[in-house]
Amino acid sequence: TIKNTLPSAASIMKQINYGTMKGINQTAKDTQKEIQYKAQKVFTDRKKWYQASSPIGIKVKWAKRDNLTAEVYTKAYFGPLQDEGGTKTAFKGHIAVPTTNVQPTKSSSIPKALRPENLKNSFIITSRSGKKLLCIRAAVGQNARGQQRILGKNLLKKTGTGKGFLVMYILTKSVRIKRTDFFEKTAEYYAKRWLPVHIKKNIEYAFATMR
């Protein structure tokens, strides 16, 4: 007698589902890494919120054999607006836009001591154009890390700036956020370009190693 050595239909589907799952998850992992890389370039926050270990980081919900869908997501409330662009409006009060006295370049991080809520002896003035400006009576320099900092009283006397004031923030009701395309466009590219490649490769591997 000749034994039938062909795999059953159930076995074939099992390998196809397994390879498909592996391909989807590989694509999701690559997408996650690329989004994290782009977020690192877009955002200057040193807390690195985009890491998977962060509560609001870029995370992956993995596909399973019985659910061939993976999800790359973030719970960061500011993510969609930064990704797509648009207008950010203050819920109450104002949005504080840093000047070069606080943030010399767009990639500079803002020290905790120079954040609006932590500025000592600050006051608000209204310019002739109607803009509200958050100011301090001080001079600003840089520390060893290159961060902006408020100079001490002795240095203020030496520089002769103790009687002047610096504009630290411009207070506004809304600001226009430029789109960065760090998330959705990246996910679309990987799904279109690499998902079919990874699925095909992993299905072939699943059959090649089939027992």
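Trainee: Which residues does V60 touch, not counting residues up to four places away in sequence?
Mentor: V60 touches A28, Q32, E71, V72 and Y73, where contact means heavy atoms within 4.5 Å. The model is predicted, with local features needing pLDDT of at least 70 and side-chain atom pairs pLDDT 80 or more, while totals for chains, interfaces and linings use all residues. Residues are numbered from 1 along each chain as its sequence is written, and side-chain values use heavy atoms, without hydrogens or water.
Trainee: And which residues make up the largest nonpolar core?
Mentor: Twelve residues form that core: A28, I35, A39, F43, W49, Y50, I58, V60, V72, A76, F182 and F183. A nonpolar core joins buried Ala, Val, Leu, Ile, Met, Phe, Trp, Tyr and Cys residues through side-chain atoms within 4.5 Å; buried is under 20% relative accessible area, exposed over 50%, partly exposed in between (1.4 Å probe, protein chains only).
Trainee: Which element gives this core its largest share?
Mentor: α1 does, with three residues. Helices (H or I, at least four residues) and strands (E, at least two) are DSSP runs, numbered from the N terminus. A second, separate core has ten residues, including L114, I136, M168 and Y169.
Trainee: Changing topic, where is N121 found?
Mentor: N121 sits in the loop between β4 and β5 (123–126). Although not a glycine, N121 has a positive phi of about 55°.
Trainee: Is N121 buried or exposed?
Mentor: N121 is exposed, at 72% relative accessible area.
Trainee: What about D181, and where does D181 lie?
Mentor: D181 belongs to the loop between β10 and α4 (184–193). D181 is not a glycine, yet has a positive phi of about 55°. With 25% relative accessibility, D181 counts as partly exposed.
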